[in-house]
Amino acid sequence: MRPGEFNPIRRIPWLPFLLVAAIFSPAAKAAEGDPRYAGGMMIMGGRIAMQDEHAEIRGVTFGVGGRLVFMVGHGFRIGLLGGTGKMSYGELESHFQYTHGALSAEWGMTWSRITMTAGITGGLANYYILDKHSVSPDGVITAREHENSVPILSPFLSVEFALSGRLRATIFVDYANMRVEGHPHGGIRIGAGVLFVK
């Protein structure tokens with residue numbers, strides 16, 4: 001597979017069905033007058049320091065992510081979380097990228113205009129590695145490609161600040177746990193963005 005063909009969405013076709021189920025679930029109905037759901041986009045980045053079978057992968061990923069949560073009452077929420085990130089590493093600018101999709105469950109409290117929540121997500125991550133071994137003077141690249149889908153589990157914290165009744169600024173921090181070619185990997189990611197509330 002060539003780098004331009006990396007399309008992890010095909011590995012998680014169940015996400016649209018989970019989304020529809022969550023929207024029509026009786027649990028997704030909050031008390032009258034309370035927000036029912038919130039969703040939006042974030043810019044995300046994280047630090048990676050791990051070892052695959054052939055090389056040490058170190059660097060900072062950048063990408064985008066999205067959240068959709070349904071308020072089920074008493075501070076509890078269920079929802080979906082997804083994101084992508086990529087980076088170059090090493091002297092030859094090898095390539096690492098991932099996409100993930102997961103279900104989330106969380107609980108939080110609200111003080112005035114600030115809401116803080118803590119929870120966990122679980123789902124699948126699809127990663128792609130292009131590990132360059134050498135580049136000849138005339139531009140011929142010798143490299144190894146590897147792609148796989150693996151389970152991912154991430155505890156997280158989020159803080160939301162109400163800009164208005166329908167808009168919240170948010171900061172999201174999680175610690176992604178997955179295995180890359182049999183090696184455990186964990187890394188902190190930070191996201192910042194906005195949520196639209198209804």
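Colleague: Where does Ser 112 lie?

Modeller: Ser 112 sits in the loop between strand 4 (94–111) and strand 5. Strands here are DSSP runs (E, at least two residues; helices are H or I, at least four), numbered from the N terminus. This is a predicted model, in which local features need pLDDT of at least 70, side-chain atom pairs count only at pLDDT 80 or more, and totals for chains, interfaces and linings use all residues. Residues are numbered from 1 along each chain as its sequence is written, and side-chain values use heavy atoms, with hydrogens and water left out.

Colleague: Why is Ser 112 called exposed?

Modeller: Its relative accessibility is 73%. Exposed means over 50% relative accessible area, buried under 20%, and partly exposed in between (1.4 Å probe, protein chains only). Ser 112 therefore counts as exposed.

Colleague: What makes the phi of Ser 112 worth a remark?

Modeller: Phi of Ser 112 is near 55°, a positive value in a residue other than glycine. Most residues other than glycine have a negative phi. His 74 gives another case, with phi near 60°.

Colleague: Where is His 74, and why is it called exposed?

Modeller: His 74 lies in the loop between strand 2 and strand 3 (76–89). Its relative accessible area is 76%, so His 74 is exposed.

Colleague: What makes Phe 96 and Tyr 98 a tilted pair?

Modeller: The search of the whole structure finds four aromatic pairs. In the pair of Phe 96 and Tyr 98 the ring centres are 6.5 Å apart and the planes stand at 40°. Rings of Phe, Tyr and Trp (its six-membered ring) pair if their centres lie within 6.5 Å; planes under 30 degrees apart are stacked, over 60 edge-to-face, and the rest tilted. The angle of 40° therefore makes this pair tilted.

Colleague: How do you know whether Phe 96 and Tyr 98 are buried or exposed?

Modeller: Phe 96 has 0% relative accessibility and so counts as buried. Tyr 98, with a relative accessible area of 7%, is buried.

Colleague: Why is Thr 121 called buried, and what does it touch?

Modeller: Thr 121 belongs to strand 5 (residues 114–135), and its relative accessibility of 4% makes it buried. Contact means heavy atoms within 4.5 Å. Leaving out residues up to four places away in sequence, Thr 121 touches Leu 81, Ala 102, Leu 103, Ser 104, Ile 152, Leu 153, Ser 154 and Phe 156.

Colleague: How do you know that strand 1 and strand 2 pair?

Modeller: Two strands pair if DSSP finds at least two bridges between them. Strand 1 (residues 37–51) and strand 2 (residues 56–73) have 15 bridges and run antiparallel; Met 50 has Ile 57 of strand 2 as its bridge partner.

Colleague: How many bridges join strand 1 to strand 8?

Modeller: Strand 1 and strand 8 (residues 183–197) share nine bridges in the antiparallel sense, with Gly 39 opposite Phe 196.

Colleague: Which strands pair with strand 7?

Modeller: Strand 6 (residues 141–162) pairs with strand 7 over eight bridges, antiparallel. The bridge partner of Leu 153 is Asn 177 in strand 7. These two strands form a hairpin with four residues between them. Strand 7 also runs antiparallel to strand 8, with 14 bridges, and Ile 171 faces Ala 192 of strand 8.

Colleague: Which residue takes a positive phi in the hairpin of strand 7 and strand 8?

Modeller: Glu 181 does, with phi near 50°, in a hairpin that has two residues between the strands.
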